[in-house]
Amino acid sequence: MKRRAFLGGVAGLACGTAAAAAKKASACEGVEAALSGTGDLGLIVERADGSILVVNTSRPQVVSKVENLGDLSHASAVFSRDQRFAYLFGRDGGLSKVDLVSARIETRVIQAGNSIGGAISDDGTIIAVANYEPGGVRLFDAETLAPLTEIAAEYAPGVRSKTVGIADVPGRRFVFSLYDAGEIWIADCANPSKPAVQRLKNIGRLPYDGLVTPSGRHYFAGLFGEDGLAHVDLWAPEPEARKILVGYGKGEEKLPVYKMPHLRGWAQAGDRLLLPAIGRHEVLVADSRTLDEAGRIQVHGQPVFIVARPDGRHAWVIFAHPRNDTVQVIDTVALRVIHEMRPGPAVLHMEFTPRGHQVWISVRDADRVDVYDTQTFAKVAELPARKPSGIFFTARAQRIGM
Amino acid sequence: MVVIAASFFHVRPLRGQGPLDQVRKTELENLVRQDCGSCHGMTMKGGLGRSLLPERLREADRDGLAAIILDGIPGTPMPPWRGLLTEAEAAWIAGRLQEGLAK
């Protein structure tokens with residue numbers, strides 16, 4: 001009942017719903033520009049429509065809608081340091097800079113034929129986009145989106161690799177993996193028109209995604225082609241890749257994988273790392289110092305996202321098709337599932353509010369985003385959204401590797 | 001009710017036999033765009049997986065495409081969909097990809 005009353009109140013506001021915002025975008029702009037901060041804003045990707053909903057996580061509600069952003073399948077976003085602008089990476093190679101306050105596209109470029117994601121440098125001046133086609137990473141001026149240079153992922157003469165798992169690390173650097181080549185590259189972009197690239201070879205077969213720890217010290221690439229992950233200690237004088245959790249599948253046939261796991265937005269909880277097992281209904285637990293296996297947690301399906309609540313006390317897990325109607329919550333001390341919920345068909349993504357009091361969950365085939373209280377697990381709001389996928393909050397601007 | 005039906009679709013194995021009705025075709029089209037689309041792109045232009053656009057598939061053998069859908073491609077991330085899709089459904093999807101999905 002409380003929720004209904006709340007939603008009714010939201011719907012009454014002129015700028016309170018996506019539909020209203022679409023019709024009255026211009027009416028909303030002045031008001032929001034004059035009154036709103038940006039630390040509690042975020043966006044929801046409506047991937048089939050090529051639009052985003054700008055949301056406020058304090059109320060919580062949809063503030064405005066921005067359209068004409070191209071093919072947003074697998075779209076992700078990073079944010080400017082002032083948390084006013086979102087940089088959106090689309091599958092069609094589109095790179096869009098969106099002003100969250102005025103709900104306008106500042107600049108938009110089609111920078112490649114097919115891209116997978118991007119990152120922003122620690123100083124906020126460089127946008128790096130990881131591309132499938134042409135394989136490599138392109139750098140852009142964050143202010144204007146003017147191209148700076150390209151790091152072609154040419155691992156053999158004339159042969160380029162798809163790039164995945166790009167992450168920013170301190171020192172104006174980016175780390176990414178080469179899917180086809182089985183390599184990890186570390187690009188020092190102190191001089192962004194002439195990056196210095198360090199190549200780590202033979203890191204393992206088919207790295208499908210990567211992540212960096214919140215400290216920026218450890219980079220991990222998940223391997224699709226073998227049981228294990230590649231790890232690089234970026235604090236080492238001479239960084240090198242080594243495999244961890246080797247053979248976690250124990251030679252057993254893996255289950256068909258209907259959706260690749262995503263490592264970014266991953267789970268470090270105290271002295272443990274929680275990582276997805278490929279083709280298994282398991283979460284792998286590693287000791288964060290030794291990186292040795294420290295346990296496994298049986299879960300509902302194949303994990304796609306394992307995200308720690310910002311305090312690390314719980315981790316929330318969502319799953320691959322066809323078991324993707326369920327969310328489970330893991331106690332990171334007891335290392336067991338303590339809660340389960342069924343938000344509905346095709347749960348695709350989740351994002352915690354900056355200190356984790358709530359979590360927003362996209363339920364694609366219900367055309368809805370649900371907001372849950374993370375202490376009581378009660379649903380506190382439902383927001384309509386068309387085929388929602390990724391949810392990204394501006395607090396990411398202040399975090400390494402996000 | 002719509003939500004419940006859709007939810008059911010996502011967890012049950014898809015084993016309907018006989019000719020495909022319109023409801024099922026709509027479900028399959030959604031599956032292709034949304035779930036095949038996680039690797040092949042929602043517009044089928046390719047991603048981690050290859051392009052599935054008509055210009056690449058038109059000349060291919062339909063039964064061969066259906067077999068790839070059902071059995072996957074070992075050594076790559078393409079999984080076998082047998083168990084989730086019937087042979088008739090895989091053949092129908094192969095045909096739709098060759099023609100091109102409606103915009």
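Four strands of chain A line up as an open, antiparallel sheet in the order E26-E27-E28-E29. Strand E26 (303-308) and E29 of chain A sit at the edges with a single partner strand each, so one side of each has no neighbour in the sheet. From one strand to the next, the twist averages 25°.

Keep in mind that this is a predicted model: local features need pLDDT of at least 70, side-chain atom pairs count only at pLDDT 80 or more, and totals for chains, interfaces and linings use all residues. Residues are numbered from 1 along each chain as its sequence is written, chains are lettered from A and ligands numbered from 1 in the order in which they are written, and side-chain values use heavy atoms, leaving out hydrogens and water.

A few terms first. Helices (H or I, at least four residues) and strands (E, at least two) are DSSP runs, numbered from the N terminus. Two strands pair if DSSP finds at least two bridges between them. Angles run from 0 to 180 degrees between N-to-C directions, with axes being lines fitted to C-alpha atoms (for helices, over the stretch in contact).

- Strand E27 (residues 314-319) of chain A pairs with E28(A) in the antiparallel sense over five bridges, and A:His314 stands opposite A:Asp331 in E28(A).
- Strand E28 (residues 327-331) of chain A also pairs with strand E29 (residues 336-341) of chain A, antiparallel and over five bridges.
- Opposite A:Val329 you'll find A:His339 in E29(A).
- The hairpin of E28(A) and E29(A) has four residues between the strands, and A:Leu335 takes a positive phi near 55° there.

**The other sheet in chain A**

- Here the order is E8-E9-E10-E11 (chain A), again an open sheet of four strands with antiparallel pairing.
- Its edge strands are E8 (114-120) and E11 (147-152) of chain A, each pairing on one side only.
- The twist averages 20° from one strand to the next.
- Strand E9 (residues 126-133) and strand E10 (residues 136-141) of chain A make an antiparallel pair over six bridges, with A:Phe140 in E10(A) as the bridge partner of A:Ile127.

**Salt bridges**

- Over all chains, the structure holds 35 salt bridges (a side-chain nitrogen of Lys or Arg within 4 Å of a carboxyl oxygen of Asp or Glu).
- One of them joins A:Glu150 and A:Arg160, whose closest N and O atoms are 3.2 Å apart.
- A:Glu150 lies in strand E11 of chain A and A:Arg160 in strand E13 (residues 159-160) of chain A, so this pair ties together parts that are 10 residues apart in sequence.

**Where chains A and B meet**

- The contact (heavy atoms within 4.5 Å) takes 30 residues from chain A and 27 residues from chain B.
- The two chains bury about 2,400 Å² between them, 57% of it on carbon and sulfur atoms; buried area is the accessible area (1.4 Å probe) that two parts lose on being put together, summed over both.
- A:Tyr258, A:His321 and A:Pro345 supply 23% of the area that chain A buries against chain B, more than any other three residues.
- The rule finds one salt bridge across this interface: the side chains of A:Arg364 and B:Asp35 meet at 3.5 Å, N to O.

**A bent helix in chain B**

- Helix H2 (residues 22-40) of chain B has a kink of about 30° centred on B:Leu31, the bend being the angle between axes fitted to the seven residues ending there and the seven starting there.
- After H2(B) comes B:Gly41, with a positive phi near 85°.
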